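This report describes the pockets, the ligand surroundings and selected backbone features of the structure shown below.

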Amino acid sequence: MPDQAVLAPGLRGRSLVSIRDFSRLEIEEVLATASHLEGHRGDELAGRQIALLFYENSTRTRNSFVTAVHHLGGSLCGFDSAEGTSVQKGETLYDTIQMFSAYSDAIVLRHPRDGSARWAADSASVPVINAGDGKNQHPTQTLLDLYAIRGTQGRLDNLTVALVGDLKYGRTVHSLSDALSMYPGNKLRYVSPPSLRMPSEQLSSLRQAGVEWSEHDCLEAVLDEADVLYVTRIQRERMPDETEYEKVRGAFRLTAGMLRKVRSSLRILHPLPRVDEIAPDVDHTPYAFYFQQAAGGVPVRKALLWLLLGIGERA
Ligand code: CP
């Protein structure tokens with residue numbers, strides 16, 4: 001269990017909407033706290049309730065928050081789909097956030113609209129944690145991605161990270177790029193079909209931050225130099241029409257046979273779910289780390305709740 005020395009008092013009562021809301025020091029506090037909380041079970045959240053408001057489908061994010069709250073002895077309210085809620089009667093996000101501000105000590109929100117989490121955080125009276133807003137940001141995924149990268153590479157700087165797949169609509173790659181650009185010496189390699197490149201405003205930010213990056217059409221161009229290969233799914237549900245999806249489906253498929261000349265320290269990450277972009281034969285290579293990465297979601301989300309709710313701080 002963390003002692004006072006690893007707590008970040010500055011995080012108490014804060015929201016997490018974009019990974020840029022946290023400084024490097026604050027990110028590192030979350031990761032250090034997650035390490036301490038790996039096997040922890042306690043009742044530090046007894047008497048506190050966390051609202052999980054999921055307007056979009058989720059397996060990992062929602063259930064790792066559920067598990068984190070259970071491990072800390074808290075209770076839960078909310079919904080895993082807007083079906084069956086008063087959203088169907090026309091209730092606005094603003095009104096829903098007012099209600100769950102009254103019912104809970106923190107709100108975890110997943111919503112299909114870009115910017116919805118910022119809107120919610122600005123109108124809530126409790127901390128709001130963005131569990132994914134449209135194609136914009138997914139900062140808690142980034143925290144667990146960083147936890148996996150640090151755990152496997154021993155550092156978060158001076159790495160070559162290849163981000164592969166749907167870079168246009170992929171909120172996980174947007175957040176992870178932002179985070180990696182805070183650390184010196186990282187080289188970012190973006191691999192995607194031309195129609196799914198990283199948004200230009202994101203590339204401009206990298207330029208301003210002096211980050212080395214490049215764009216590529218094929219995986220083979222980056223495999224031999226990568227420390228981390230971060231593969232993502234082409235997101236059919238975010239495409240404006242089926243024709244755009246059909247043009248890019250199956251654009252990349254990583255197979256075990258493609259990994260013959262990679263660094264021995266390479267680790268393959270994926271936010272999951274995967275569809276067909278990583279062949280099952282990759283799972284049995286020493287490079288696959290996506291299931292362990294996802295498992296890290298529990299201690300990381302425990303740590304986030306711990307710090308935002310000020311557990312362990314002296315009054
Ligand atoms: N990585 C992630 O956000 O997965 P879920 O959509 O299953 O929550």
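## Basis of the description

Helices, of at least four residues, and strands, of at least two, are DSSP runs numbered from the N terminus. The model is predicted.

## The largest pocket

The volume of the largest pocket is about 470 Å³. Its lining comprises 22 residues, and those nearest the centre of the pocket are Arg110, Arg171, Arg233, Leu272 and Pro273. Sorted by class, the lining of this pocket contains 11 polar, eight charged and three nonpolar residues.

Two helices, helix 2 (60-71) and helix 6 (171-180), each contribute at least two residues to the lining of the largest pocket. At the level of domains, the pocket lies between domain 1 (4-137 + 297-313) and domain 2 (139-295), because both give residues to its lining.

## Surroundings of the ligand

Which residues surround the ligand? They are Ser58, Thr59, Arg60, Thr61, Arg110, His138, Gln141, Pro271 and Leu272. Of these, Arg110 and Leu272 are also among the residues nearest the centre of the largest pocket.

Several polar distances describe the placement of the ligand. In the side chain of serine 58, an N or O atom is 2.6 Å from an oxygen atom of the ligand. An N or O atom in the side chain of arginine 110 is 2.9 Å from an oxygen atom of the ligand. For glutamine 141, a polar side-chain atom lies 3.0 Å from a nitrogen atom of the ligand. The ligand exposes 250 Å² when taken alone, and the protein buries 91% of that area.

How many cavities of 30 Å³ or more does a search of the whole structure find? The search finds one. The largest cavity has a volume of about 40 Å³, and its lining consists of Arg60, Gln141, Leu144, His270, Pro271, Gln293, Ala294 and Arg301. Among these lining residues, Arg60, Gln141 and Pro271 also belong to the set that surrounds the ligand.

Helix 5 (139-153) and helix 9 (290-295) each provide at least two residues of the cavity lining. By class, the lining of the largest cavity has three nonpolar, three polar and two charged residues.

## Backbone features in loops

Leucine 272 and proline 273 are joined by a cis peptide bond, with omega at about 5°. Proline 273 is located in the loop between strand 9 (267-269) and helix 9.

Asparagine 158 has a phi near 50°, a positive value in a residue other than glycine. Asparagine 158 sits in the loop that runs between helix 5 and strand 5 (160-164).

Glutamate 237 occupies the loop between strand 8 (228-231) and helix 8 (242-248). Between glutamate 237 and leucine 219, the separation is 18 residues in sequence and 24 Å in space, C-alpha to C-alpha.

Methods
Residues are numbered from 1 along each chain as its sequence is written. This is a predicted model: local features need pLDDT of at least 70, side-chain atom pairs count only at pLDDT 80 or more; totals for chains, interfaces and linings use all residues. Side-chain values use heavy atoms; hydrogens and water are left out. On a 1 Å grid over the protein atoms alone, a cavity is a set of points where a 1.4 Å probe fits but cannot get out, and a pocket is an open set with protein on both sides within 12 Å along at least five of seven lines; lining residues have an atom within 4 Å of a point. Grid points are joined across faces, edges and corners, and a volume is the space filled by probe spheres set on the points. Ala, Val, Leu, Ile, Met, Phe, Trp, Tyr, Cys and Pro count as nonpolar, Asp, Glu, Lys and Arg as charged, and the others, Gly among them, as polar. Domain bounds come from an automatic or database domain assignment. A residue is near a molecule or strand if one of its heavy atoms lies within 4 Å of it. A polar contact is a pair of N or O atoms within 3.5 Å; within protein, one must be able to donate a hydrogen and the other to accept it, and residues adjacent in sequence count only if both atoms are side-chain atoms. Accessible areas come from the Shrake-Rupley method with a 1.4 Å probe; for residues, only the protein chains shown count as cover.
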